[in-house]
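Reader: Could we go through this structure together? I would like to start with the chain as a whole and then turn to its parts.

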Amino acid sequence: MRLRNILVPTDFGDSAQAALEAARFLCDRFRGRVHLLHVVPDPLPYDPWGTESIAVRLAEALRESEKMARRELVKVAAAQSTPRMRVVPATATGAPADRILAYAEAHDIDLIVMGTHGRGMLGHLLLGSVAERVVRRSTVPVLTFHHQAAPPTRRRQPRKPTKPARRRSTTGR
């Protein structure tokens, strides 16, 4: 299996960071390239009420959001790139799962590594899951990460020195 191009969709959250760390590990091993993609969701794919002024303001807000995401991606890419691994920043606007899959196809992606939010049953039913849609529809393997806060660690008590066991004599002494 070759892993030259690994796509990491990001929302800049903890799960996406965990996915990026995994992708870095894989790219370092295979001298690959990480494509770091942020998708700005399109809130209104069409304007059913004819409120053009609102649509224009939304379009401006989307452009600004994409610019901010692009600046953040460039910073992350600069910080993560190494001589053995190049990070390619990219942004898109639209339905996240659709944009992720389109990017993967257009850039010859070998693996998608992405975070999941783990919203629970109700949140999943109401909002769906971008990761689930990508896993179900992708033509390339998808590796998902769910970041959880580290569990509290118990402090280990220092072991008390134990006395060596007394040996019993078998000779009767």
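Reader: How much of the chain counts as buried?
Author: Of the 173 residues of the protein chain, 32% are buried, where buried means under 20% relative accessible area, exposed means over 50%, and partly exposed lies in between (1.4 Å probe, protein chains only). This is a predicted model, in which local features need pLDDT of at least 70 and side-chain atom pairs count only at pLDDT 80 or more, while totals for chains, interfaces and linings use all residues. Residues are numbered from 1 along each chain as its sequence is written, and side-chain values use heavy atoms, with hydrogens and water left out.

Reader: Which elements make up the chain, and in what order do they run?
Author: The chain has five helices and five strands. From the N terminus on, they run β-α-β-α-β-α-β-α-α-β. Helices (H or I, at least four residues) and strands (E, at least two) are DSSP runs, numbered from the N terminus.

Reader: What do the strands form?
Author: The five strands form an open sheet in the order E3-E2-E1-E4-E5, with parallel pairing. Two strands pair if DSSP finds at least two bridges between them. Strand E3 (86-93) and strand E5 (142-146) stand at the edges and have a single partner strand each, so one side of each is left without a neighbour in the sheet. From one strand to the next, the twist averages 20°; axes are lines fitted to C-alpha atoms, for helices over the stretch in contact, and angles run from 0 to 180 degrees between N-to-C directions.

Reader: How many bridges join E4 to E5?
Author: Strand E4 (residues 111-116) and E5 pair in the parallel sense over five bridges. Among them, Gly115 has Phe145 of E5 as its bridge partner, and Val113 has Leu143 of E5.

Reader: What about E1 and E4?
Author: E1 and E4 pair in the parallel sense over two bridges. Leu7 has Ile112 of E4 as its bridge partner.

Reader: Is E4 mostly covered or mostly open?
Author: E4 is mostly covered, as five of its six residues are buried.

Reader: Which helices lie on the sheet?
Author: One of them is helix H1 (residues 14-30), which packs on the sheet and touches strand E1 (5-9), strand E2 (33-40), E4 and E5. The direction of H1 makes about 155° with that of E4. Helix H3 (residues 96-106) lies across E1, E2, E3 and E4 and runs at about 150° to E2. Contact here means heavy atoms within 4.5 Å.

Reader: Staying with H3, which of its residues are buried?
Author: The buried residues of H3 are Ala97, Ile100, Leu101, Tyr103 and Ala104. Seen down the axis of H3, they fall within an arc of 160°, so they line one face of the helix; the arc is that of the directions from the helix axis to the C-beta atoms. Their cover includes E1, E2, E3, E4 and helix H5 (130-137). The face of H3 turned away from the buried side carries the exposed residues Glu105 and Ala106.

Reader: What comes just after H3?
Author: Just after H3, Asp108 takes a positive phi of about 55°, in a residue other than glycine. Asp108 is in the loop between H3 and E4 and counts as partly exposed, at 45% relative accessibility.

Reader: Which residue does the side chain of Asn5 join by a polar contact?
Author: The side chain of Asn5 is joined to that of His35 by a polar contact of 3.0 Å. A polar contact is a pair of N or O atoms within 3.5 Å; within protein, one must be able to donate a hydrogen and the other to accept it, and residues adjacent in sequence count only if both atoms are side-chain atoms. Asn5 lies in strand E1 and is buried, at 11% relative accessibility.

Reader: Last topic: where is Phe12?
Author: Phe12 is in the loop between E1 and H1, and its phi is near 70°, a positive value in a residue other than glycine. Leaving aside neighbours within four places in sequence, Phe12 is in contact with His38, Ala69, Glu72 and Leu73. The C-alpha atoms of Phe12 and His38 are separated by 8.3 Å, although the two are 26 residues apart along the chain.
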